[in-house]
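This briefing covers selected features of one structure: a pocket, a helix and its surroundings, a set of aromatic rings and several individual residues. Please read it alongside the sequence and the coordinates shown below.

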Amino acid sequence: MSNFFAMVNRMKLIDRWALMRNTSKENIAEHSHNVAVIAHALCLIGNKKFGRNYDAERCAVLALYHDVTEVITGDMPTPVKYYNDKIKSVYKDVEKTAGERLLAMLPDEFKADYKPFFEQESKDKELWKIVKAADRIDALLKCIAECRMGNREFEIARQSQQKIVDEIDMEEVKSFKEEFLPAYSLTLDEHTK
């Protein structure tokens with residue numbers, strides 16, 4: 001018996017933004033889906049507009065699994081995770097151990113297929129940069145959504161996330177911001193007019 005997929009299924013039980021009052025809860029399964037959609041889009045933007053040769057489908061799958069270790073570790077709040085280099089280093093070790101535990105749950109014939117989701121390979125270096133950018137964009141989108149609902153709790157987080165996204169030096173991200181980001185501030189009626 002393998003527990004791997006049952007554990008992955010538990011992503012829906014791990015809430016994000018635990019230190020803040022949310023008008024709409026978000027779990028890591030929802031977040032990973034959003035990151036996968038954005039990462040896929042960033043790859044296509046790169047390929048079609050900037051002559052890149054990204055594997056958009058592989059990038060989307062990497063994004064789907066980018067936070068799966070949190071079914072073991074929980075979602076460590078960003079202010080804690082990045083408080084200092086020592087905590088950051090220890091947390092990386094905890095994530096590595098969680099990844100090893102999850103991989104150990106797979107039958108041997110599947111371990112090599114899933115290992116790149118837990119141990120980043122050099123061939124995927126550019127794709128992981130895109131996943132990280134998509135992760136940052138999704139954090140900004142969460143802040144935008146909360147602010148739209150009048151939740152002042154996210155005002156400073158929105159400013160911080162906006163600055164982080166603005167500082168990402170990738171043409172794909174700049175293009176996404178210009179073409180797609182403004183629509184996230186619209187209401188349903190404005191979307192469907």
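Which helices each supply at least two residues of the lining of the second largest pocket? The helices in question are α2 (28-50) and α8 (125-148). The model is predicted, and the points below are grouped by topic.

**The second largest pocket**

- The second largest pocket has a volume of about 300 Å³, and its lining is made up of 15 residues.
- Closest to the centre of this pocket are E26, N34, L141, K142 and A145.
- Helix α8 provides the largest share of the lining, namely six residues.
- Sorted by class, the lining consists of six nonpolar, six charged and three polar residues.

**Helix α3 and its cover**

- The buried residues in α3 are A56, C59, A60, L62, A63 and Y65.
- Among the elements that cover these buried residues are α1 (4-9), α2, α7 and α8.

**Aromatic rings**

- Nine aromatic pairs are present in the structure.
- One of them is the stacked pair of Y65 and F117, with 4.4 Å from centre to centre and 5° between the planes.
- This pair links distant parts of the chain, since Y65 lies in helix α3 and F117 in helix α7 (residues 108-118), 52 residues apart.
- Both partners are buried: Y65 has a relative accessible area of 14%, and F117 has a relative accessibility of 12%.
- Ring pairs join Y65 and F117 with F4, F5, Y114 and F118 in a cluster.

- D67 is located in the loop that runs between α3 (56-65) and α4 (70-73).
- Is D67 buried or exposed? Its relative accessibility is 10%, so D67 counts as buried, the cut-off being under 20%.
- Beyond its neighbours within four places in sequence, D67 is in contact with R16, I28, H31 and S32.
- With H31, the side chain of D67 also forms a polar contact of 3.4 Å.
- D67 and M11 are separated by 56 residues in sequence, yet their C-alpha atoms are 8.5 Å apart in space.

**E70, in helix α4**

- E70 is part of helix α4, and a relative accessibility of 1% places E70 among the buried residues.
- When residues up to four places away in sequence are not counted, E70 touches I14, I28, D75, K81 and Y91.

**L44, in helix α2**

- L44 sits in helix α2 and is partly exposed, with a relative accessible area of 33%.
- Apart from its neighbours within four places in sequence, L44 is in contact with K49 and A56.
- A56, one of these partners of L44, is itself among the buried residues of α3.
- The C-alpha atoms of L44 and D55 are 8.7 Å apart in space, and the two residues are eleven residues apart in sequence.

Note on methods. Residues are numbered from 1 along each chain as its sequence is written. This is a predicted model: local features need pLDDT of at least 70, side-chain atom pairs count only at pLDDT 80 or more; totals for chains, interfaces and linings use all residues. Side-chain values use heavy atoms; hydrogens and water are left out. On a 1 Å grid over the protein atoms alone, a cavity is a set of points where a 1.4 Å probe fits but cannot get out, and a pocket is an open set with protein on both sides within 12 Å along at least five of seven lines; lining residues have an atom within 4 Å of a point. Grid points are joined across faces, edges and corners, and a volume is the space filled by probe spheres set on the points. Helices (H or I, at least four residues) and strands (E, at least two) are DSSP runs, numbered from the N terminus. Ala, Val, Leu, Ile, Met, Phe, Trp, Tyr, Cys and Pro count as nonpolar, Asp, Glu, Lys and Arg as charged, and the others, Gly among them, as polar. Buried means under 20% relative accessible area, exposed over 50%, partly exposed in between (1.4 Å probe, protein chains only). Contact means heavy atoms within 4.5 Å. A polar contact is a pair of N or O atoms within 3.5 Å; within protein, one must be able to donate a hydrogen and the other to accept it, and residues adjacent in sequence count only if both atoms are side-chain atoms. Rings of Phe, Tyr and Trp (its six-membered ring) pair if their centres lie within 6.5 Å; planes under 30 degrees apart count as stacked, over 60 as edge-to-face and the rest as tilted.
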